[in-house]
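Colleague: I am new to this structure. Please show it to me, and then I will ask my questions.

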Amino acid sequence: MKKIKVLFHVNESDKWQRALVNITNFLNDVGQGGADIEVVVNGEAVSVFRTRCLLTGVGGECCGTASGSLVDQMKNLSEIGVSFVACRNALKAQSIDEGNLPNFVTVVSAGITEIARKQTEGYAYIKP
């Protein structure tokens with residue numbers, strides 16, 4: 001059976017939880033090997049990757065992200081093959097340093113271009 005190609009587009013922070021539930025439900029239905037899934041993040045939704053460092057008193061280390069549980073859910077999904085792609089333009093607009101992104105996030109120059117590219121490759125577009 002041919003894999004289903006799906007692109008989830010998240011550009012609003014309040015849509016993250018719904019998007020992650022949708023992806024999980026989708027994978028539960030088609031099986032982990034049944035789909036190629038990419039999540040394109042742009043607009044203010046990239047703020048989920050903003051680091052909120054709280055000084056621990058030991059070398060001033062960071063103790064987590066502003067939305068740790070969401071990032072943890074994304075990491076878990078990435079470990080089963082879901083790709084997460086962030087828009088460089090949105091990261092700049094939100095003053096987020098690419099070097100601080102989780103290692104499972106890939107950066108593209110423009111999220112909107114990535115969406116168009118994936119659609120020409122036959123990806124179904126879903127916006128939670």
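Colleague: Is Phe-84 buried or exposed, and what is its relative accessible area?

Modeller: Residues are numbered from 1 along each chain as its sequence is written, and side-chain values use heavy atoms, without hydrogens and water. Buried means under 20% relative accessible area, exposed over 50%, partly exposed in between (1.4 Å probe, protein chains only). Phe-84 is therefore buried, at 1%.

Colleague: How are the rings of Phe-84 and Phe-104 arranged?

Modeller: Rings of Phe, Tyr and Trp (its six-membered ring) pair if their centres lie within 6.5 Å; planes under 30 degrees apart count as stacked, over 60 as edge-to-face and the rest as tilted. Here the centres are 5.7 Å apart and the planes stand at 75 degrees, so the pair is edge-to-face.

Colleague: How many aromatic pairs does the whole structure hold?

Modeller: Trp-16 and Phe-49 also pair: their centres are 6.4 Å apart and their planes at 75 degrees, so this pair is edge-to-face. Both Trp-16 and Phe-49 are buried. The search of the whole structure gives two.

Colleague: Where does pLDDT stay under 50?

Modeller: The chain averages a pLDDT of 88, and 85% of the residues score at least 70. Where pLDDT is low, the predicted coordinates should not be read in detail. The stretch under 50 is residues 52–67.

Key
This is a predicted model: local features need pLDDT of at least 70, side-chain atom pairs count only at pLDDT 80 or more; totals for chains, interfaces and linings use all residues. pLDDT is the predictor's confidence in each residue, from 0 to 100. Contact means heavy atoms within 4.5 Å.
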